[in-house]
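Hello,

Here is the structure I promised to pass on to you. Have a look at it first, and then read on for what turned up.

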Amino acid sequence: MSLFDAIRSARAADDPNLIVDAIPYAVYLGLRASFVDEALICRMPFDDKLVGNPLLPALHGGVVGALLENAALLSLLWALEIDQMPKTITMTVDYLRSAGPKQTFACGTVTKQGRRVANVRVEAWQDDRARIVATANGHFLTA
């Protein structure tokens with residue numbers, strides 16, 4: 001199934017995991033998506049292969065960044081109802097604290113939508129949504 005077909009099928013079935021399953025790196029990370037109070041939440045279960053610093057232990061920063069970018073892309077696909085994968089222009093990640101060896105969540109919000117470019121703000125957390133581990137701001141080409 002092509003990504004285009006996965007996006008259309010996901011919308012028809014109201015199941016964002018059909019898109020997640022069409023993205024190999026998202027599958028590698030074990031990402032799953034669900035709606036909580038109408039917000040699209042991405043969940044990344046903990047796996048030892050995701051640890052970057054075994055002394056703490058803490059998730060690798062690139063893994064946290066990948067979760068944030070995937071959450072942003074899924075949020076865009078769902079909010080804008082576009083049928084192609086947006087292209088990342090810039091993605092700025094702010095790491096606020098170490099992400100421990102736990103399940104991690106992320107939620108993106110489309111903050112600006114233009115004719116060709118959209119802006120998404122994403123937050124990632126673990127046990128408590130009020131204790132953010134990282135944030136990101138991304139600009140994406142949507143046309």
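In what order do the six strands of the open sheet run? Please keep in mind that this is a predicted model. The order is β1-β2-β6-β7-β8-β5, and the pairing is antiparallel. At the edges stand β1 (32-36) and β5 (87-95), and each has a single partner strand, so one side of each is left without a neighbour in the sheet. From one strand to the next, the twist averages 25 degrees.

Inside the sheet, β7 and strand β8 (residues 132-141) run antiparallel and are joined by nine bridges.

Now to the aromatic rings. Searching the whole structure gives three aromatic pairs. One of them is Y25 with Y28, which is stacked, at 6.0 Å centre to centre and with 15 degrees between the planes. Both tyrosines belong to helix α3 (residues 24-29), where they are three residues apart, about one turn of the helix. Y25 is partly exposed, at 42% relative accessibility, and Y28 is partly exposed too, at 43%.

Another pair is F105 with W125: the ring centres are 5.9 Å apart and the planes are at 20 degrees, so this pair is stacked. It links distant parts of the chain, with F105 in strand β6 (residues 104-113) and W125 in strand β7 (residues 117-125), 20 residues apart. Both F105 and W125 are buried.

One last thing to look at is K49, which lies over the face of Y28, 4.0 Å from the ring centre.

Enjoy exploring!

Best wishes

Technical notes:
Residues are numbered from 1 along each chain as its sequence is written. This is a predicted model: local features need pLDDT of at least 70, side-chain atom pairs count only at pLDDT 80 or more; totals for chains, interfaces and linings use all residues. Side-chain values use heavy atoms; hydrogens and water are left out. Rings of Phe, Tyr and Trp (its six-membered ring) pair if their centres lie within 6.5 Å; planes under 30 degrees apart count as stacked, over 60 as edge-to-face and the rest as tilted. Helices (H or I, at least four residues) and strands (E, at least two) are DSSP runs, numbered from the N terminus. Buried means under 20% relative accessible area, exposed over 50%, partly exposed in between (1.4 Å probe, protein chains only). A charge sits over a ring if NZ of Lys or CZ of Arg is within 6 Å of the ring centre and within 35 degrees of the ring normal. Two strands pair if DSSP finds at least two bridges between them. Axes are lines fitted to C-alpha atoms, for helices over the stretch in contact, and angles run from 0 to 180 degrees between N-to-C directions.
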